[in-house]
Every structure is written in structure tokens, then in C-alpha cells.
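Here's a quick briefing for anyone meeting this structure for the first time. Have a look at it, then read on.

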Amino acid sequence: MKFTKKRASTKQEIPTASMPDIVFMLLLFFMVTTTLREHDVLVSFKLPDAKAIEKIENKRLVSYLWVGGDGRIQIDDSLVKLNEIQSIMYGKRVSLPNIIVSLRIDRNSDMGVVTDIQQELRKASCLRINYSTYLKL
Amino acid sequence: MVKIKKRKLGEAEIPTSSMADIAFLLLLFFLVSTTIDVDTGIGLTLPEFIEVKDQVFVPISKDRLANLLINEQGDVLLDGDVIAIPQIKNNLKARIESKINQPKNKKLIVSVKTDRKTNYNLYIQALDQVKGAYAEVKDTYATSVYGRKLYDLTQDEDKDVREKIPTIISIAEPEQVKK
């Protein structure tokens with residue numbers, strides 16, 4: 001008796017024609033989902049460099065405060081005056097008790113404005129701060 | 001009559017087999033190039049705000065205090081001696097190390113004081129040096145006592161290191177520039 005091996009009659013090939021479509025879909029998915037919640041930064045600033053820096057481990061707690069080279073101050077998406085910082089930050093602190101304020105201050109700023117902001121933050125009892133810097137290489 | 005032969009057109013087809021590779025390349029490019037900007041910086045905890053009339057003066061002995069002054073010209077004074085910013089770290093390291101075995105209320109306090117006109121970058125550089133000094137002392141202590149780097153310590157050991165070498169940095173309020 002002769003045995004014949006049974007073979008599938010269909011082609012043994014994976015159709016690769018739709019592969020680019022699948023990959024494009026992946027690509028689109030990544031491009032669409034990685035919308036970082038960015039603020040519109042209205043001030044121009046260049047951060048200083050430092051070596052002994054740490055990473056803010058919990059991004060949810062961070063609130064940003066920008067100070068531009070021209071001394072303008074921005075919180076969230078609007079420019080604010082120095083005397084408004086206290087009430088804004090206090091409001092933030094009430095909703096988020098252990099808030100970390102990341103200070104993104106231009107490297108050519110004077111310490112005067114930095115200190116004024118720190119005083120306002122102290123009055124708003126936002127005591128955890130972080131001077132945002134780049135890593136010095 | 002010469003018969004003009006119609007040229008037979010080849011089948012017009014774009015090779016699509018490499019399309020997937022191109023798309024993958026694009027995908028990889030996007031995955032690699034989207035740097036989610038990491039929040040790095042020098043962390044600090046500010047003191048609580050207390051009204052001037054309620055402030056209590058606490059005397060601190062001279063040997064506990066490292067006074068760091070930065071003026072608007074960028075000159076740095078550490079306990080009255082003029083030094084350059086990169087020298088701060090080594091100067092402080094010895095002083096922090098000498099106080100490891102002291103009780104809690106005898107540890108070194110680094111006071112950083114600036115003028116209102118001092119450049120912010122200089123202040124950060126100085127603060128970086130102070131932080132770096134603390135970090136290096138902690139690392140040396142961790143290696144000598146536990147034989148491991150600071151980041152590999154268990155929580156209890158880390159707590160012990162923090163207790164032995166607490167980072168105390170006092171940011172003094174700047175003096176008003178006389179007008």
C-alpha cells in the first residue's frame with residue numbers, strides 16, 4: 001500500500017502585503033497617543049547646568065513656574081504678577097498637599113526675583129521646590 | 001510602409017515589499033526621538049514662612065556653620081575666605097565628614113547667601129557644589145560602612161545614612177541692595 005503524504009493545497013505563505021498598513025497603524029497610534037501635556041511657554045528661558053541633580057520621581061505632583069530672561073513669570077498657561085503667585089499656588093496646594101514646584105528660571109536672572117518668588121511660595125506654604133537644571137556633561 | 005511597433009509597456013508596479021521596513025524605520029525614529037523631557041533639578045525644601053515679629057533667634061555655634069556668600073560680582077566667600085566655585089565641594093567635604101559621628105544637633109549647616117543682583121546661574125553652581133559635596137560624603141560613607149553604593153542600600157541603611165549625614169542647607173534671605 002502506498003501512502004501519500006497529505007499536503008494542504010493552499011499556499012504556505014503569510015500575506016505580507018498588508019504589513020505596511022499594520023505598521024503605519026502602529027506608527028499613527030504612537031504619534032497620536034504621545035501627546036505630552038505641554039504648556040505653552042510664553043517666556044524665553046535657558047536653564048542652568050548642574051551635576052548633583054535628582055529626578056522628580058512623581059510627575060503628578062509637579063507644578064511648573066517659569067521665569068524668563070526678561071523677568072516675566074508664568075504659571076500654567078498665563079503670565080502672572082509677583083503678588084498673584086501666593087494665591088495661585090495656595091489654591092494649587094490645597095488640591096494637592098505635597099506639591100513640588102519646579103522652578104524653571106532663566107540662567108541670567110537675578111537672585112532678587114528668585115528670592116521674591118521663594119518668599120511668595122513660602123507664604124503659600126509650597127515648600128518643596130526644585131530648581132530645574134540640565135545635566136552638566 | 002514601416003510598421004511602427006507600439007512599445008509594450010512593462011507592468012507598472014511599485015515594489016511594496018520594502019514598505020514595511022520603511023514604516024518600521026519611521027516608527028523607530030519616532031520612538032527614539034520623542035524624548036519625554038525629564039524633570040531633573042536640584043531639590044530643596046524651603047523653611048516655613050514666619051512673620052518677622054514671631055521669628056525666634058536661635059544661636060548657632062560658629063563651628064557648625066559654613067557661611068557661603070556670593071556677591072553680585074560673582075565672588076564667593078566661604079567663612080570669610082575668598083574661594084572659587086569649584087573649590088567649594090572639597091572644602092565642604094572635609095567639614096561634613098568631620099561631623100558624621102556628632103549628635104543630630106551638631107551637624108554642619110551650610111548657609112547660602114546671595115545679593116539681590118547675584119546671577120542665578122552662579123547661585124545654582126554654588127548650590128550644585130554643596131549638593132555634590134553631600135552626595136560624595138554620603139557615597140563614601142555608604143561604601144565604607146556597607147560596602148555598597150548609595151543607590152544599592154536597603155531602606156533602613158539609607159535612613160541611617162540620611163541620619164548620619166543630613167543635608168542641611170539654609171537659604172538666607174538676601175540683603176537689600178542699598179539704594
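Of the 179 residues in chain B, 21% count as buried, where buried takes 20 or more other C-beta atoms within 10 Å of a residue's own, exposed takes 12 or fewer, partly exposed lies in between, and C-beta atoms are placed from the backbone. Keep in mind that this is a predicted model, with local features needing pLDDT of at least 70 and side-chain atom pairs counting only at pLDDT 80 or more, while totals for chains, interfaces and linings use all residues. Residues are numbered from 1 along each chain as its sequence is written, and chains are lettered from A and ligands numbered from 1 in the order in which they are written.

**Overall build of chain B**

- You'll find four helices and six strands in chain B; these are DSSP runs numbered from the N terminus, with helices being H or I of at least four residues and strands E of at least two.
- Along the sequence, the pattern in chain B goes α-β-β-β-β-α-β-α-α-β.
- The radius of gyration of chain B is 30 Å, whereas a compact globule of 179 residues would come in near 16 Å (taken over C-alpha atoms; the globule rule is 2.2 Å times the number of residues to the power 0.38).
- Along the principal axes, the C-alpha atoms of chain B fill a box of roughly 115 × 55 × 35 Å.

**The sheet in chain B**

- Five strands make an open, mixed sheet in the order 4-3-2-5-6 (strands pair if DSSP finds at least two bridges between them).
- Its edge strands, each pairing on one side only, are strand 4 (81-83) and strand 6 (169-171) of chain B.
- Strand 5 (residues 109-114) and strand 6 of chain B run parallel, joined by three bridges.
- Val112(B) has Ile171(B), in strand 6 of chain B, as its bridge partner.

**Where the chains meet**

- In all, 45 residues of chain A are in contact with 40 residues of chain B (contact means C-beta atoms, placed from the backbone, within 7 Å).
- Strand 1 (residues 40-45) of chain B pairs antiparallel with strand 2 (residues 54-55) of chain A over two bridges, and Lys55(A) has Thr40(B) as its bridge partner.
- Strand 7 (residues 128-132) of chain A also pairs antiparallel with strand 1 of chain B, over five bridges.
- Tyr131(A) stands opposite Ile42(B), and Arg128(A) has Thr45(B) as its bridge partner.

How values were computed: Two residues are in contact if their C-beta atoms, placed from the backbone, lie within 7 Å.
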